[in-house]
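Trainee: I have the model open and would like to go through it step by step. Can we begin with a term that I will need?

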Amino acid sequence: MKPPRLIGHRGAKAVAPENTLASFRQAAEDGADCIEFDVRLCADGGPVIFHDDTLERTSDGTGPVADLDLAALKQLDAGGWFAAAFSGETIPSLAETIALCRDLELGMNIEIKPNPGEAQATAMAALATVESLLGRRGYETVGSVVFSSFEPAALEVLQQEGPLWPRGLLLDERRSNWLAGAQRLQCVSFHPAAELLDRRETVEEIKAAGFLIYPYTVNDLDRAGELLAWGVDAVITDDPRLISAALC
Ligand code: G3P
Ligand code: MG
């Protein structure tokens with residue numbers, strides 16, 4: 001696997017409507033070599049890209065994503081809430097997103113962001129879609145793909161059913177023995193909230209344990225430079241164009 005360096009959070013969330021194909025294209029244009037996006041299931045069991053459990057914040061729909069099938073979700077506008085210029089953007093399926101990433105040669109950080117109670121089903125469905133489009137051999141042939149989740153149950157399914165695909169554990173708070181979960185799940189990468197990386201020694205501790213480090217969400221150029229100088233492998237940012245200067 002070739003690790004990414006600059007991961008666009010939900011695409012280029014600062015300048016385009018998050019988790020849309022427009023946002024993913026923007027991230028590529030702005031210098032990201034990978035995009036992060038959130039996968040959950042819709043009513044027909046297909047994996048779609050949407051951050052929240054419910055539709056209101058980032059579309060003109062209402063209610064849970066899980067209540068609508070893909071055809072109904074596709075009727076919604078997922079861009080106009082951000083700016084009129086993006087009206088008509090739709091909620092992407094995972095399959096559409098993978099196709100775009102292949103076209104643009106973008107890496108994929110596929111976050112399993114399940115509806116309540118659907119961690120395992122979401123991981124299974126995402127894995128099936130990835131393998132149907134990219135084959136079954138994981139990082140040996142595919143390049144930069146990593147599945148991540150805050151939910152150990154999702155990563156466990158991936159560990160069992162698709163062990164060759166790289167896994168990353170997301171963590172939003174420091175705990176005692178905080179790397180143990182990632183070790184148990186045989187993760188290749190550790191995705192902490194950037195605030196948890198408070199000093200160089202913390203980064204060194206994670207590196208010494210053998211993980212790639214992809215902190216989220218880093219939107220300040222100086223901070224990105226500091227983290228990269230400390231040894232993180234990539235930063236996850238809402239604004240790849242801004243943060244790309246830290247990679248020079
Ligand atoms: O994967 C990094 C980040 O996306 C995790 O948090 O809530 O933005 O999906 P969230
Ligand atoms: Mg996410």
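Mentor: Ala, Val, Leu, Ile, Met, Phe, Trp, Tyr, Cys and Pro count as nonpolar, Asp, Glu, Lys and Arg as charged, and the others, Gly among them, as polar. This is a predicted model, where local features need pLDDT of at least 70, side-chain atom pairs count only at pLDDT 80 or more, and totals for chains, interfaces and linings use all residues. Residues are numbered from 1 along each chain as its sequence is written, and side-chain values use heavy atoms, with hydrogens and water left out.

Trainee: How do the residues lining the second largest pocket divide into nonpolar, polar and charged?

Mentor: Seven are nonpolar, three polar and two charged. A pocket here is an open set of points on a 1 Å grid over the protein atoms alone, where a 1.4 Å probe fits, with protein on both sides within 12 Å along at least five of seven lines; lining residues have an atom within 4 Å of a point.

Trainee: How much space lies in it, and which residues line it?

Mentor: The second largest pocket holds about 150 Å³, a volume being the space filled by probe spheres set on the points, which are joined across faces, edges and corners. Its lining includes F150, P152, L169, W178 and R184.

Trainee: Which element gives the most to that lining?

Mentor: Strand β6 does, with three residues. Both β6 and α7 supply at least two. Helices (H or I, at least four residues) and strands (E, at least two) are DSSP runs, numbered from the N terminus.

Trainee: Switching to ligand 1, what is around it?

Mentor: Among the residues around ligand 1 are H9, D38, K113, F150 and Y216; near means that a heavy atom of the residue lies within 4 Å. An oxygen atom of ligand 1 is 2.7 Å from an N or O atom in the side chain of R10. For the side chain of H51 that distance is 2.8 Å, and for E111 it is 2.9 Å.

Trainee: Next, E18. Is it buried or exposed?

Mentor: E18 is buried, because its relative accessible area is 5%. Buried means under 20%, exposed over 50%, and partly exposed in between (1.4 Å probe, protein chains only). E18 is in the loop between β1 (6-9) and α1 (21-29).

Trainee: Which side chain does E18 make a polar contact with?

Mentor: That of R57, at 2.8 Å. A polar contact is a pair of N or O atoms within 3.5 Å; within protein, one must be able to donate a hydrogen and the other to accept it, and residues adjacent in sequence count only if both atoms are side-chain atoms. Contact in general means heavy atoms within 4.5 Å. Leaving aside neighbours within four places in sequence, E18 is in contact with residues including R10, H51 and W81.

Trainee: And N115, where is that found?

Mentor: N115 is in the loop between β4 and α4. N115 counts as buried because its relative accessibility is 4%. A polar atom of its side chain lies 2.7 Å from the backbone oxygen of L41, and a 2.9 Å polar contact joins the side chains of N115 and E118.

Trainee: Last one: which residues of helix α6 are buried?

Mentor: In α6 (residues 152-161), they are A154, L155, V157, L158 and Q159. These buried residues pack against β4 (107-112), α4 (119-134), β5 (145-149), β6 (167-171) and α7 (180-184).

How values were computed. Chains are lettered from A and ligands numbered from 1 in the order in which they are written.
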